[in-house]
Amino acid sequence: MTSRRLLFVCYPDTNHPIGGVKQIYRQVELLNRAGWSAYVLQEQPGFKADWFRSDAPVLDLETYKASTPSADNDLVVLPETWLSNVPNYLPGIPKVIFNQNAFYTFGLSGACDNRTLDLYRHSDIQAVVTVSNDSRNLLIEGCGIPAERCFALINGIDRHLFHVPAVKHRHVAFLGRKHVDHARKVALMASHHPRLKDLTFQELPRMQHEKVASALQEALLFLSCGHPEGFGLPLAEAIACGCLVVGYHGLAGRDFALPHMQVVEFGDLLGLLKGVEKELARFDAAPEAVIRERMEASEAILQTYSLEAELECCLRTWAHICP
């Protein structure tokens, strides 16, 4: 355990369900439970994301600045989208980049910031933390970040929330986020397809974690349209809930999803439609065998991404960064 104070930057303040925000709170939560001094750094006094349960302590920016930030005592953890701010943000304070999607390393919306690779070599940056081996490989082999300064954390899945239920319904669930139009188009085509008319397509809007878990448990199939993903937690959670899965692995899903899903090439709408039809036909032909398969897939995911593994990886990683 370090004597340093860890500040995980998490602003501009937003209370919309965003996976990256939840993971910031999760890291702070785990570190504090182990006796570390870690805080979520929000912008406005009194603000705390409340769309999920967390006992992570929160500090606002004004209070932090008044506490005499110190290069000897503090470590600031910045999202990958804050990379361009590194030279002028609390200069001299050691920093870690928490890169939750390596495909956003060069900027958002197709941007390519030519300063990116040089900024990652800035003297303030002590290490880079990411959320999958897929992302870590890109950062090391593509961006040239030394392997000894680049770490992959585990996203834990709570098996009390995400597990195979006793009963499934003929629902196809999909998230109302990245490339949701692909799923909506498939749903429209399916409504005119003789073999798929009995399906109910359910778009899951931004909602609390428990409601997502409930919807995935009810769904027989999950249509995965997230791409690119730093990890792809909803995909892993759908597998944990015993869903048949059709769609994109989001690249990071190559870490865990390939044996457990029907992969479709990105943008192939007909492939998505046929994948849904194929998986449902496979289930109808041999439901007991498919149920066993889904239960085995669920257990494999839940063991690899257990809350215990998440905690152990978290503490090991930050102890290495802050000896």
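Q: Which residues have the most contacts inside the largest nonpolar core?
A: In soluble globular proteins, nonpolar side chains tend to be buried together. In this predicted model, the largest nonpolar core has 59 residues, and those with the most contacts inside it are Leu-6, Phe-8, Ile-157, Leu-216, Phe-256, Trp-318 and Ile-321. A second, separate core of 26 residues includes Tyr-64, Ile-93, Leu-119 and Leu-139.

Q: With which residues is Leu-216 in contact, leaving aside its neighbours within four places in sequence?
A: Leu-216 touches Phe-162, Lys-168, Ala-173, Leu-204, Phe-222, Pro-234, Glu-237, Ala-238, Cys-241 and Cys-243.

Q: How many disulfides does a search of the whole structure find?
A: A disulfide is a covalent bond between the sulfur atoms of two cysteines. The search finds 0 disulfides here. For Cys-112, the nearest cysteine sulfur is that of Cys-143, 10 Å away; Cys-112 is exposed, with a relative accessible area of 55%. For Cys-241, the nearest cysteine sulfur belongs to Cys-243, at 5.8 Å, whereas the cut-off for a disulfide is within 2.5 Å. Cys-241 counts as buried, at 0% relative accessibility.

Q: How is the aromatic pair of Phe-8 and Trp-318 arranged, stacked or edge-to-face?
A: A pair of aromatic rings is described by the distance of the centres and the angle of the planes. The count comes to 9 aromatic pairs. Phe-8 and Trp-318 form an edge-to-face pair, with 5.3 Å centre to centre and 70 degrees between the planes. This pair links distant parts of the chain, 310 residues apart: Phe-8 lies in strand E1 (residues 5-9) and Trp-318 in helix H10 (residues 307-321). Both Phe-8 and Trp-318 are buried.

Q: Which residues form one aromatic cluster with Trp-82?
A: Tyr-11 and Tyr-89 form one aromatic cluster with Trp-82.

How values were computed. Residues numbered from 1 in each chain as written. Predicted model: local features only at pLDDT ≥ 70, side-chain atom pairs only at ≥ 80, totals over all residues. Heavy atoms only, no water. Core = buried A, V, L, I, M, F, W, Y, C linked by side-chain atoms within 4.5 Å. Buried < 20%, exposed > 50% of the residue type's maximum accessible area, 1.4 Å probe, protein only. Contact = heavy atoms within 4.5 Å. Phe/Tyr/Trp six-rings, centres within 6.5 Å; stacked < 30°, edge-to-face > 60°. Helix = DSSP H or I, 4+ residues; strand = E, 2+ residues; numbered from the N terminus.
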